[in-house]
Amino acid sequence: MAAAPPSYCFVAFPPCSKDGLVVFGKNSARPRDEVQEVVYFAAATHDPGSKVECTYIEIEQVPKTHAVVLSRPSWLWGAEMGANEHGVCVANEAVVTREPASESEALLGMDLVRLGLERGATAREALDVIVALLEEHGQGGNYYEDGSSCHAFQSAFLIVDRNEAWILETSGKYWAAEKITEGVKCICNQLSLTTKIDAEHPELRNYVRSQGWWNEDTDFNFSEVFSLADDHLACCSGRESLEKQGGDVSAQTMIDVLRDKDSGVCVDSESFLTTASIVSVLPQDPSFPSVHYFTGTPDPSRSIFKPFIFVDDVKLVPKVQSPSFGDDDPAKKIPRFQEKPDRRHELYKAHEWARSLLESDQDKGQKLMRIMLDLEKQGLEAMEDILTRTEILDPAEVVDLFYDCVDTELKFFK
């Protein structure tokens with residue numbers, strides 16, 4: 001059975017977070033050579049009876065989908081993490097449970113991230129979308145762009161909005177969820193739900209009784225029932241770092257935690273690398289915009305977080321989008337993944353050059369990194385100004401925001 005990549009997701013609510021903000025973050029640990037792109041899809045209306053083609057299967061489309069911004073492995077349809085125009089953020093974790101994951105092609109956990117964001121205007125709505133689709137279509141298929149072996153996993157999700165978060169953990173079509181409204185919470189590639197369950201599949205307990213996994217002599221503990229081993233609590237070393245901040249968790253704090261290699265939160269191993277990261281700041285006052293920071297490049301300790309704000313006619317950023325191969329994409333042909341095309345986008349290539357500079361000329365590399373971090377700091381301060389000012393944001397001020405940040409980063413690399 002494949003080991004799940006050790007990704008980490010966090011959320012901090014008041015009183016642990018600064019200025020009444022909700023702060024969300026995720027490191028996406030994936031195969032080292034995989035490219036992630038950052039893509040925006042505008043809100044759209046769809047004809048009755050239309051379909052949507054997900055990574056492996058086609059499903060019914062809904063009449064209206066929300067605008068979304070996604071960080072995703074560039075070979076698939078869904079996303080590792082992202083946000084929508086209503087201030088909902090969703091991130092996915094691959095998990096292993098005692099129920100073997102299906103290799104049959106169905107919805108990937110990453111497809112469910114995008115579907116939840118496109119169809120849910122609150123965290124609870126996104127959760128309801130995900131579990132309904134899980135019931136109807138199931139989850140399964142290869143999580144990696146690998147023609148030699150199928151790596152199938154179950155899914156866990158952190159679903160966040162301005163008011164609450166839900167930890168949703170699944171095994172096949174069965175699921176349980178916990179609601180969070182204060183403090184700090186972390187999920188990783190192990191089950192974490194115990195006896196506090198605020199919503200669940202209606203047949204969950206009957207199913208585990210029928211399997212002989214639980215006999216009602218003890219409180220129902222989701223992790224104990226579904227985990228393969230007693231490792232379901234040894235998770236989330238980064239949570240302590242956030243809790244130590246008292247009431248001061250901010251975007252910068254979350255970024256610092258995601259960059260921490262000593263704790264294991266920033267993954268850089270023989271098999272896996274943090275291939276992209278996100279931090280989102282959601283003001284609990286809905287008159288203020290949410291700000292979403294994406295790296296679009298691997299290893300947050302040598303990447304910079306660039307801000308994105310939802311406005312109408314937001315400028316697209318082709319320099320963080322991978323080339324499209326259409327129907328010739330080896331991910332779409334059967335048998336799948338018989339070859340691996342070059343999916344690197346322009347920012348990824350520039351980042352590779354910067355990495356080689358860091359490794360070959362430390363002085364020059366560190367000077368470049370200082371310049372990049374100063375650029376990031378300017379972006380964070382500008383966003384903090386937007387979130388604390390009294391006048392309403394003029395959309396024209398931020399329509400090119402993410403585009404300009406990527407463009408500036410590329411200019412420094414050149």
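Mentor: Fine. This is a predicted model. Take Glu339: its relative accessibility is 55%, so Glu339 counts as exposed, because the cut-off for exposed is over 50%.

Trainee: Where does Glu339 lie?

Mentor: In a loop, the one between β18 (306-308) and α7 (346-360).

Trainee: And how far is Glu339 from Asp329?

Mentor: The two are 10 residues apart in sequence, and 9.1 Å separates them in space, C-alpha to C-alpha.

Trainee: New topic. Is Arg114 buried or exposed?

Mentor: Arg114 is buried, as its relative accessible area is 7% and buried means under 20%.

Trainee: Which element is Arg114 in?

Mentor: Helix α1.

Trainee: What is Arg114 in contact with, leaving aside its neighbours within four places in sequence?

Mentor: Arg114 is then in contact with Phe41, Leu70, Arg72, Trp77, Gly78 and Ala79.

Trainee: How many residues of helix α1 are buried?

Mentor: For α1, residues 109-119, the count is 11 of the 11, so the helix is largely enclosed by the rest of the structure. The buried residues include Gly109, Asp111, Glu118 and Arg119.

Trainee: Which residues make the contact?

Mentor: From α1, Leu112, Leu115, Gly116 and Arg119; from α2, Glu125, Ala126, Val129, Ile130, Leu133 and Leu134. Sorted by type, the contact of α1 with α2 has seven nonpolar residues, one polar and two charged.

Trainee: Let's zoom out. How many helices and strands does the protein have?

Mentor: Nine helices and 18 strands. The radius of gyration is 20 Å, close to the 22 Å that the globule rule gives for 414 residues, so the protein is as compact as a globular protein of that length.

Trainee: What box do the C-alpha atoms fill?

Mentor: Roughly 60 × 50 × 50 Å, taken along the principal axes.

Trainee: And what share of the residues is buried?

Mentor: Buried residues are 58% of the 414. As for contacts with a separation of 6 or more, 69% are between residues 24 or more positions apart.

Note on methods. Residues are numbered from 1 along each chain as its sequence is written. This is a predicted model: local features need pLDDT of at least 70, side-chain atom pairs count only at pLDDT 80 or more; totals for chains, interfaces and linings use all residues. Side-chain values use heavy atoms; hydrogens and water are left out. Helices (H or I, at least four residues) and strands (E, at least two) are DSSP runs, numbered from the N terminus. Buried means under 20% relative accessible area, exposed over 50%, partly exposed in between (1.4 Å probe, protein chains only). Contact means heavy atoms within 4.5 Å. Ala, Val, Leu, Ile, Met, Phe, Trp, Tyr, Cys and Pro count as nonpolar, Asp, Glu, Lys and Arg as charged, and the others, Gly among them, as polar. The radius of gyration is taken over C-alpha atoms; the globule rule is 2.2 Å times the number of residues to the power 0.38.
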